[in-house]
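Here is a friendly walk through one protein model, written for reading beside the structure. Keep the viewer open and follow along.

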Amino acid sequence: MKTPRRIGILEVARLAGVSATTVSRVLNGHADSRISLETQERVRATANSVGYVVNRLATSLRTHRTGVFGAIVNSLSGHYQPHLTSRLQAAAQRRGVELLVAQAKAEAGEVAGQLRLFQEDFFDGVIMVSDLPGQRALCDHLDRMGKAHVTLGAGLTGPLPAVVTDDRHGMTLLFDHLTGLGHSRISFVYRVSRSALRDRLSIFLDMVAGSAGSIIGDVISFERSDSDREAFKGILASPTTHPTALICGSDGLAIEVVAFLRDIGLRIPADISVVGYDNVPDTAYWAPPLTTVAQPTDSLCEASLDLLVELSRSSGGSACRKASDTLRAARTCHTCVIELP
């Protein structure tokens, strides 16, 4: 049986009417403004039509980079994180970057085992989505290994380099929205096990303190335990101090809170108002739809990938750490409010 002839980069370049360098830059995700979008599309279409595939092993031997990155996600269940992960994959595809996603194990030691896979030369860097077990120690270890890493969505207290949203702006929008509707007893609902929500909690407390006593603001823990739910029920039953509005630290939490409120017979928004944070797509189809702050998800994903690629292009451990040091400030993407009736 005759072995099919392997198509090389020179053949792709000839068919596309460009240089081999242009083909290499486009197919390895290194195209810039000097290569028009039309040319990039033509190169990709030509490569697909003749079955040309980039030999990443050969490329890595020459450049010490593969164009392959890893992402470790806290959870692929729930509401916002799966949405964020899918948009991260889409952003990687737009850039011609390979992104392999893994869900974090439950324990810090198990996550460290996963990271050993990403530390191999096959991967150029790692994005850690939200807060992972033992994350700061893991980032320190990656620094020592000279492996690029970026933390996405873990808040201002998470490891750097990082990409975060401007939560103060988003929380202020929600706070102003509720006070504009006449609410003066507003509580923040959070889950202590989610460290990514700590920034929003701290901002809420700052806003209440800055209201000069015009806003009564309490904090309600809403874990999945019966004791927390009974305590929540007791707060809502108080005739004088019960909140008239709830700011939930995330849309996922808001979904659980709304179900709980309906189970105990409260109407939304007639008896109590509930707002969320993230703008998970499904919440727009609620009755009534959830008022929430929209995270700039695509901008977050694009900024994370740009930062990771920028760091990964530094060669060698010391150079990577030096590049990391010059980018210690977190990159911030702005939020916008979605006000639904």
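## A strand held inside

In this predicted model, strand β6 (residues 185-190) is largely enclosed by the rest of the structure, because 5 of its 6 residues are buried. Buried means under 20% relative accessible area, exposed over 50%, and partly exposed in between, using a 1.4 Å probe and protein chains only. Helices (H or I, at least four residues) and strands (E, at least two) are DSSP runs, numbered from the N terminus.

What joins β6 to strand β7 (residues 216-221)? There are 6 bridges, and β6 and β7 run parallel. Within that pairing, Val189 stands opposite Ile220 of β7. Strand β8 (residues 245-248) is also parallel to β6 and is joined to β6 by 4 bridges; here Ile186 stands opposite Ala245 of β8. Two strands pair if DSSP finds at least two bridges between them.

## The chain as a whole

The protein chain comes to 13 helices and 12 strands. Of its 341 residues, 46% count as buried. Take contacts between residues at least 6 apart in sequence: 69% of them join residues at least 24 apart. Contact means heavy atoms within 4.5 Å.

A word on how to read these values: residues are numbered from 1 along each chain as its sequence is written, and side-chain values use heavy atoms, with hydrogens and water left out. Because the model is predicted, local features need pLDDT of at least 70 and side-chain atom pairs count only at pLDDT 80 or more, while totals for chains, interfaces and linings use all residues.

## Helices that cross

| Helix pair | Angle | Axes apart |
|---|---|---|
| α5 (residues 80-94) and α12 (residues 297-312) | about 55° | 9 Å |
| α8 (residues 167-180) and α9 (residues 198-209) | about 50° | 10 Å |
| α1 (residues 9-16) and α3 | about 125° | 9 Å |

Axes are lines fitted to C-alpha atoms, for helices over the stretch in contact, and angles run from 0 to 180 degrees between N-to-C directions. Angles under 35 degrees count as roughly parallel, over 145 as roughly antiparallel, 65 to 115 as roughly perpendicular and the rest as oblique.

On the α5 side, the contact includes Tyr80, His83, Leu84 and Arg87, and on the α12 side it includes Thr297, Asp298 and Leu300. By class, this contact has 8 nonpolar, 2 polar and 4 charged residues. Ala, Val, Leu, Ile, Met, Phe, Trp, Tyr, Cys and Pro count as nonpolar, Asp, Glu, Lys and Arg as charged, and the others, Gly among them, as polar.

At about 50°, α8 is oblique to α9, and the crossing of α8 and α9 is right-handed. Among the residues in contact are Met171 and Phe175 of α8, along with Ile203 and Phe204 of α9. The class counts for α8 with α9 are 6 nonpolar, 1 polar and 5 charged.

For α1 and α3, Val12, Leu15 and Ala16 of α1 meet Arg42, Val43, Thr46, Ala47 and Val50 of α3. That contact divides into 6 nonpolar, 1 polar and 1 charged residues.

Leaving aside residues up to four places away in sequence, Thr39 touches Val18 and Thr22.

Definitions and conventions:
Left-handed = near helix turned anticlockwise from the far one by under 90°.
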